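Hi,

Here is the model I promised to pass on.

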Amino acid sequence: MLTVSRWRSFTTRSAALGRAVGGVMRWFPIARRRMNSDLKLVFPEMSRHERNCLRRQMGRNMGQTLFEIYHNAEFHTRLDHFHVSGPGIEVIEAAQAAGKGAIIVSGHFGQWEAVRASLKARGIEVGAVYRRQSNRHYQRRLLAGIEAGGLPIMETGRVGTKTLVRHLRAGGVVAILLDEKHPDGTRLPFLGRPALTSLAAAQLALKYDLPMVPAYGTRIGDGSDFEVDFETPIPHTDAETMTRAFNDSLSTRILEHPDQWYWLLKRWQGV
């Protein structure tokens with residue numbers, strides 16, 4: 001689909017892939033079962049029709065997100081589509097001016113790459129942590145897209161953690177998506193249910209005295225524009241309290257826009 005439609009405009013191609021993925025999510029049995037299971041946990045009163053509509057819309061948003069990541073270099077040039085606000089961005093800029101790093105925490109919500117694009121437009125390159133994918137074709141395209149958004153890109157694991165620490169100590173900024181299940185994580189509330197959550201971001205923020213800023217790129221309008229909001233940094237207390245505060249922040253966003261979160265993360269599995 002991407003190859004056949006490459007001559008069309010960025011917005012048209014993004015919307016087309018979104019509709020295709022939305023259709024798959026609406027009818028694909030595995031996706032339907034997995035997502036319905038979690039929706040019933042969080043929204044027990046939601047009707048079957050509402051779940052079907054939400055699943056299709058989520059697929060549409062994720063299809064657009066995937067297209068934008070695949071074409072991240074071009075996505076970063078669409079500065080008129082990013083509407084940036086929030087006190088957190090000034091904190092990050094102040095940290096950079098002082099030669100210090102910062103940790104941006106977000107989730108698989110809206111278009112998380114809009115956060116890095118907004119900062120890169122201000123001269124701040126943001127590295128990212130990612131998980132290697134088993135599908136070789138997808139892994140190649142995904143990694144290339146993430147790298148186009150900013151360096152360094154650090155794979156989860158021991159080697160990636162060492163690179164992450166060096167980057168932060170050198171005054172770098174990194175974005176971490178904290179909404180994936182972490183097998184060795186701590187049980188913390190997420191959307192009203194206990195979920196295994198990594199404390200690593202908060203631990204790094206405390207150890208190196210760095211601001212930990214929740215930030216989100218929410219789709220608005222027809223889905224091609226983004227409200228990029230850098231929230232107030234989470235106060236330094238202890239790692240569990242700080243991570244709990246982030247979970248609450250992301251949960252609020254999801255409850256407001258449930259179709260913009262990726263519901264296939266098996267977030268509550270293994271608790």
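Below is what I found, starting with how to read it.

This is a predicted model, so keep the cut-offs in mind: local features need pLDDT of at least 70, side-chain atom pairs count only at pLDDT 80 or more, and totals for chains, interfaces and linings use all residues. Residues are numbered from 1 along each chain as its sequence is written, and side-chain values use heavy atoms, with hydrogens and water left out.

Let's begin with the sheet. It is open and mixed, with 7 strands in the order β1-β9-β8-β2-β5-β3-β4. (Strands are DSSP E runs of at least two residues and helices are H or I runs of at least four, numbered from the N terminus; two strands pair if DSSP finds at least two bridges between them.) β1 (82-85) and β4 (153-155) are the edge strands, each with a single partner, so one side of each has no neighbour in the sheet. From one strand to the next the twist averages 25 degrees. β3 (residues 126-130) and β4 run parallel, joined by 3 bridges, and Ala128 stands opposite Ile153 in β4.

Two helices pack on this sheet. Helix α5 (residues 88-97) touches β1, β2, β5, β8 and β9, and its direction makes about 65 degrees with that of β9. Helix α7 (residues 136-148) touches β3 and β4, at about 155 degrees to the direction of β3. (Contact means heavy atoms within 4.5 Å; angles run from 0 to 180 degrees between N-to-C directions, with axes fitted to C-alpha atoms, for helices over the stretch in contact.)

Between α7 and β4 there is a loop that holds Pro152. The peptide bond from Leu151 to Pro152 is cis, with omega about 0 degrees.

Next, α9 (residues 200-207). Its Ala201, Ala202, Leu204 and Ala205 are buried, where buried means under 20% relative accessible area, exposed over 50% and partly exposed in between (1.4 Å probe, protein chains only). Those residues are on the same side of α9, because they cover an arc of only 160 degrees around the axis, taken from the directions from the helix axis to the C-beta atoms. Their cover includes β2, α8, β5, β8 and α10.

Most residues other than glycine have a negative phi. Asp209, in the loop between α9 and β8, has a positive phi of about 55 degrees and is partly exposed at 47%. Leu191, in the loop between β6 and β7, also has a positive phi of about 55 degrees, but Leu191 is buried at 11%.

Cheers
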